[in-house]
Every structure is written in C-alpha cells, then in structure tokens.
Amino acid sequence: MLLNELKRFYSDKLHEIERLEAEREALLSLLDVGGIDYSKDKVQTSPSDKMSEIIAKAADKDSEINSSIVMCEMLQGRMVEEIKKCSDEISRTILINRYLLDMQWQEIADSMNYSRSTILRKAYEALKQIEG
C-alpha cells in the first residue's frame, strides 16, 4: 500500500476516534442528573433501565475507540516500515515529518533549512523509491 493511502486511512481513523469520543461524551452527559433532592420522601434503590442502557452504549463506544486506536498504531507501524525503505536520511526525515508528525510542507522546509521546492522534490523522489 502506498504511503499516501496509509496516511489517508490513518487520518480517517483519527477522525473516527474523535467522532466516537464525542458520541461517548454526549451519552455520558445524559447521566449527569444533578444532585439528590432530599426534600422528597422517595428513595432511589437502583439505577433506571435508561441509565443502564446509556452506560452500556458508552461502554460500546469505548470498545470501538480502543479498536480504532489499535488500528492507528498498526497503520503507523506500516508507515514506518515504508519510510525505512528510503535510503536517504534527509528524505526519511522529510517523510517522517510529513506522514507521522503531520507537518505541513512549509513547516518541514523551515525546520530543515531547505526551500519548499527542495523538500517537495526530495519527498517525490523518496516516494518513487519506496514504490519502486
């Protein structure tokens, strides 16, 4: 699989994790029912079925989040394997910055004291070598 495809799949998984975390937080916010009103004579002895259902759904979201995290770790490992195929250390650094650290091309150029065009050329050459 090409490095760009791995990166795209990795980014999609990160967005999925963010979405699942937001859904989990929304579910958990439903459990915040406030404090206990001691002015009433009623005593709650067990959580309602609705609360149990919400807790179960939140636990399912946690499981989905954990599965997506594992997938992200596997994708990162695959990206590292692909980047290691590049023989030039400078090009490997460029690819690591771009694909693993999610830096923009100009940020990479500035941090490495190269022009943006040089960084793009070296990245293109490295990707050709990896594919080849």
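Tutor: Helices (H or I, at least four residues) and strands (E, at least two) are taken as DSSP runs, numbered from the N terminus. The model is predicted, so local features need pLDDT of at least 70 and side-chain atom pairs count only at pLDDT 80 or more, while totals for chains, interfaces and linings use all residues. Residues are numbered from 1 along each chain as its sequence is written, and side-chain values use heavy atoms, with hydrogens and water left out.

Student: How many helices and strands does the secondary structure of the chain come to?

Tutor: Along the sequence, the elements follow the pattern α-α-α-α-α. The count is therefore 5 helices and 0 strands.

Student: What percentage of the residues of the chain count as buried?

Tutor: Buried means under 20% relative accessible area, exposed means over 50%, and partly exposed lies in between (1.4 Å probe, protein chains only). The chain has 132 residues, and the buried share of them is 28%.

Student: Among contacts between residues at least 6 apart in sequence, what percentage join residues at least 24 apart?

Tutor: Contact means heavy atoms within 4.5 Å. Counting pairs in the chain at least 6 apart in sequence, the share that joins residues at least 24 apart is 68%.

Student: Which residues have the most contacts inside the largest nonpolar core?

Tutor: A nonpolar core is a set of buried Ala, Val, Leu, Ile, Met, Phe, Trp, Tyr and Cys residues joined through side-chain atoms within 4.5 Å. The largest one here has 24 residues, and α1, α2 (49-84), α3, α4 and α5 (116-131) each give two or more residues to this core. Those with the most contacts inside it are Leu 3, Ile 94, Leu 95, Tyr 99, Ile 108 and Ile 119.

Student: Which class of angle describes α1 relative to α3?

Tutor: Axes are lines fitted to C-alpha atoms, for helices over the stretch in contact, and angles run from 0 to 180 degrees between N-to-C directions. Under 35 degrees counts as roughly parallel, over 145 as roughly antiparallel, 65 to 115 as roughly perpendicular, and the rest as oblique. The axes of α1 and α3 come within 10 Å and cross at roughly 30°. The class for α1 and α3 is therefore roughly parallel.

Student: Which hand does the crossing of α3 past α4 have?

Tutor: The axes of α3 and α4 come within 10 Å and cross at roughly 135°, which makes α3 oblique to α4. A crossing is left-handed if the near helix is turned anticlockwise from the far one by less than a right angle, and right-handed if clockwise. The crossing of α3 past α4 is right-handed.

Student: Which residues does Asn 97 touch, not counting those up to four places away in sequence?

Tutor: Asn 97 is found in helix α3 and is buried, with a relative accessible area of 11%. Ile 90, Thr 93, Ile 94, Asn 97 and Arg 98 in α3 meet Trp 105, Ile 108, Ser 111 and Met 112 in α4. Beyond four places in sequence, Asn 97 touches Asp 102, Met 103, Ile 108, Ser 111 and Met 112.

Student: How far apart are the C-alpha atoms of Lys 122 and Ile 94?

Tutor: Lys 122 is found in helix α5 and counts as buried at 16% relative accessibility. Leaving aside neighbours within four places in sequence, Lys 122 is in contact with Asp 88, Ile 90, Ser 91 and Ile 94. Lys 122 and Ile 94 are 28 residues apart along the chain, and their C-alpha atoms are separated by 7.9 Å.

Student: How many residues apart in sequence are the parts that Asp 102 and Lys 7 tie together?

Tutor: A salt bridge is a side-chain nitrogen of Lys or Arg within 4 Å of a carboxyl oxygen of Asp or Glu, and the structure holds 9 of them. Asp 102 forms one with Lys 7, the closest N and O atoms being 3.1 Å apart. Because Asp 102 lies in the loop between α3 (89-100) and α4 (105-112) and Lys 7 in helix α1 (residues 3-29), the separation of the parts they tie together is 95 residues.

Student: Which residues are linked with Arg 19 in a network of salt bridges?

Tutor: The side chains of Glu 23 and Arg 19 meet in a salt bridge at 2.8 Å, N to O. Both lie in helix α1, 4 residues apart, about one turn of the helix. Glu 23 is partly exposed at 27%, as is Arg 19 at 41%. The network links Arg 19 with Glu 23 and Lys 61.

Student: Is Arg 24 buried or exposed?

Tutor: Arg 24 meets Glu 25 in a salt bridge (3.4 Å, N to O). Glu 25 is partly exposed, with a relative accessible area of 44%. Arg 24, at 17% relative accessibility, counts as buried.
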